[in-house]
Amino acid sequence: MAKQSNEPVLWALFSAGGVAAAFVIPVYLLLFGVAFPLGWISGPPYDHLVSLFRLPLVRLGLFAVCFLALFHWAHRFRYTLYDGLQIKHLNELIFFCCYGGAVFGTVLAGYLLWNFK
Amino acid sequence: MSETKRTTAYTEYHPRWYRKDVSTWWWLGRWPYLKFILREISSVFVAWSVVVLLLQLRSLSRGPQAYADFEKWLRNPLILLLNLITLFFVVFHAVTWFNLAPSAMVVRFRGKRVPAFLIMSANYAAWAAISLVVVWFLVRS
């Protein structure tokens, strides 16, 4: 008998992360990565951002985005290395690095958001 | 995966399958292949965006001076260039994701399948709405 696979769970995280990333990351990057640094629009002052990030709902949402987007990356990048570059002999190492990285980032996000002020 | 391993192994009854070696660079040959790999690579830029967000969170919790340093870091030409490339890739991810949405989710209404363009436009509308809300919260002065 084939043993139970954890692939469906990982795929579900990949899928949910794809949705989360598609909806919120482009606008985040457009503002903080391009528009504010280039001075097209003036960015929010420090106090405004801090009070915004203090809202529990905002922090919960940000945590969900970080968690899901990182697992989205882990899954997709793993298969890019497998199929795209055909690095199949390093399966275990790639698996460990991708999901390990995602878990590390998620824990970091949880720590930062939980202890935010 | 173990299935494949078993069938490719040589047995007395079944010879080793003939499989041509595929070049590591197979995806450079044709535009659709390249597009596929670029789409997959977009995940790296999604992860980078999360890294930027985490750095921002850290600097915010460390006080106004740390946040000013973070803003200065964002104006560094190299980081700015990287973020421009990142913006291109995350938009590419979003567009390819929404275009595939009708194939991924089959929605039925009164026993009939909701047409693909409706699902797609619903996704694009939600994208626009969410983006506007984020802009409204961050840009209002």
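Trainee: What share of the 141 residues in chain B is buried?
Mentor: Keep in mind that this is a predicted model. A residue counts as buried here if 20 or more other C-beta atoms lie within 10 Å of its own. Of the 141 residues in chain B, the share that is buried comes to 18%.

Trainee: And in what order do the elements of chain B run?
Mentor: Chain B has five helices and two strands. Reading from the N terminus on, the order is α-α-α-α-β-β-α.

Trainee: How do H2(B) and H4(B) lie, oblique or parallel?
Mentor: The axes of helix H2 (residues 31-62) and helix H4 (residues 77-104) of chain B come within 8 Å and cross at roughly 120 degrees. Angles from 65 to 115 degrees count as roughly perpendicular, and only those over 145 as roughly antiparallel. So H2(B) is, relative to H4(B), oblique.

Trainee: Which classes do the residues in the contact of H2(B) with H4(B) divide into?
Mentor: H2(B) passes H4(B) in a left-handed crossing. Among the residues that meet there are Phe45(B) and Trp48(B) in H2(B), and Phe89(B) and Phe92(B) in H4(B). By class, the contact of H2(B) with H4(B) has one charged, five polar and seven nonpolar.

Trainee: Is Arg110(B) buried or exposed?
Mentor: Arg110(B) sits in the loop between strand S1 (108-109) and strand S2 (112-113) of chain B. Its phi is positive, about 50 degrees, although it is not a glycine. With 5 other C-beta atoms within 10 Å, Arg110(B) is exposed.

Trainee: Moving to the interface, which element gives the most to the side of chain A that touches chain B?
Mentor: The predictor gives the complex an ipTM of 0.92 and a pTM of 0.87. In all, 43 residues of chain A are in contact with 45 residues of chain B. Helices H1 (7-35), H2 (46-54), H3 (56-84) and H4 (91-114) of chain A each give two or more residues to that side. With 15 residues, the one that gives the most is H1(A).

Trainee: How do H1(A) and H4(B) lie, roughly parallel or roughly antiparallel?
Mentor: H1(A) and H4(B) pack with their axes 9 Å apart, at an angle of about 155 degrees. The crossing of H1(A) and H4(B) is left-handed. Angles over 145 degrees count as roughly antiparallel, so H1(A) and H4(B) are roughly antiparallel.

Trainee: Last one: how far apart are the C-alpha atoms of Ala64(A) and Ala16(A)?
Mentor: Ala64(A) lies in helix H3 of chain A. Ala64(A) is partly exposed, with 15 other C-beta atoms within 10 Å. Although Ala64(A) and Ala16(A) are 48 residues apart along the chain, their C-alpha atoms are separated by 9.9 Å.

Methods. Residues are numbered from 1 along each chain as its sequence is written. Chains are lettered from A and ligands numbered from 1 in the order in which they are written. This is a predicted model: local features need pLDDT of at least 70, side-chain atom pairs count only at pLDDT 80 or more; totals for chains, interfaces and linings use all residues. Helices (H or I, at least four residues) and strands (E, at least two) are DSSP runs, numbered from the N terminus. A residue is buried if 20 or more other C-beta atoms lie within 10 Å of its own, exposed if 12 or fewer, and partly exposed in between; C-beta atoms are placed from the backbone. Two residues are in contact if their C-beta atoms, placed from the backbone, lie within 7 Å. Axes are lines fitted to C-alpha atoms, for helices over the stretch in contact, and angles run from 0 to 180 degrees between N-to-C directions. Angles under 35 degrees count as roughly parallel, over 145 as roughly antiparallel, 65 to 115 as roughly perpendicular and the rest as oblique. A crossing is left-handed if the near helix is turned anticlockwise from the far one by less than a right angle, and right-handed if clockwise. Ala, Val, Leu, Ile, Met, Phe, Trp, Tyr, Cys and Pro count as nonpolar, Asp, Glu, Lys and Arg as charged, and the others, Gly among them, as polar.
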